[in-house]
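Please consult the sequence and the structure shown here.

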Amino acid sequence: GVDNGARLRIPGEGESGANNGPPGDLYVVISVREHPFFRRQNENIYCEIPISFPQAALGADLKVPTLYGEEKLKIPEGTQPGTVFRLKGKGVESLNGRGKGDQLIAVSVVTPTKLSRQEMELYEKLDEISDSPMEKVSGEGFFTRVKDIFG
């Protein structure tokens, strides 16, 4: 549970005192190297995992890394980018011995950059049969309402 900047005191292990006095205390300041995948804030651990559009739309069962090995994470259907999931007790132990923090996992939906012909056709078909996100947000068509306002 020790974090960056924590200071440990080791009594009697410092420099000798003046005029052959008793040695002072040794202070050790902890410096924790950053992890390439996990980020820490107090007892909580944060990370971000990429998921595909189909996984976000349809839902998925994933195995995600934790400090203690892999854990199963259920991605529900309709998951939006930036959604944060919590794995209780998968963070760092508290220094005072009162439990562990949590692991918080943010998902990012990865948009494919190169599509095969078949993937492109499927996405085009999906676009044809899907409602526009703007229409879902605004109820009736946004552009229809703007057109009505301006005649």
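## Basis

The model is predicted; local features require pLDDT of at least 70, side-chain atom pairs count only at pLDDT 80 or more, and totals for chains, interfaces and linings use all residues. Residues are numbered from 1 along each chain as its sequence is written, and side-chain values use heavy atoms, with hydrogens and water left out.

## Aromatic pairs

Rings of Phe, Tyr and Trp (its six-membered ring) pair if their centres lie within 6.5 Å; planes under 30 degrees apart are stacked, over 60 edge-to-face, and the rest tilted. By this rule there are two aromatic pairs. Phenylalanine 37 and phenylalanine 38 are edge-to-face, because their ring centres are 5.0 Å apart and their planes stand at 75°. Phenylalanine 37 is partly exposed, at 33% relative accessible area, whereas phenylalanine 38 is buried, at 12% (buried is under 20%, exposed over 50%, partly exposed in between; 1.4 Å probe, protein chains only).

Phenylalanine 53 and tyrosine 123 form a tilted pair, with 6.2 Å between centres and 50° between planes. Phenylalanine 53 is partly exposed, at 37%, as is tyrosine 123, at 29%.

## Charge over a ring

The charged end of lysine 100 sits over the ring of tyrosine 68, 4.0 Å from the ring centre (the criterion is NZ of Lys or CZ of Arg within 6 Å of the ring centre and within 35 degrees of the ring normal).
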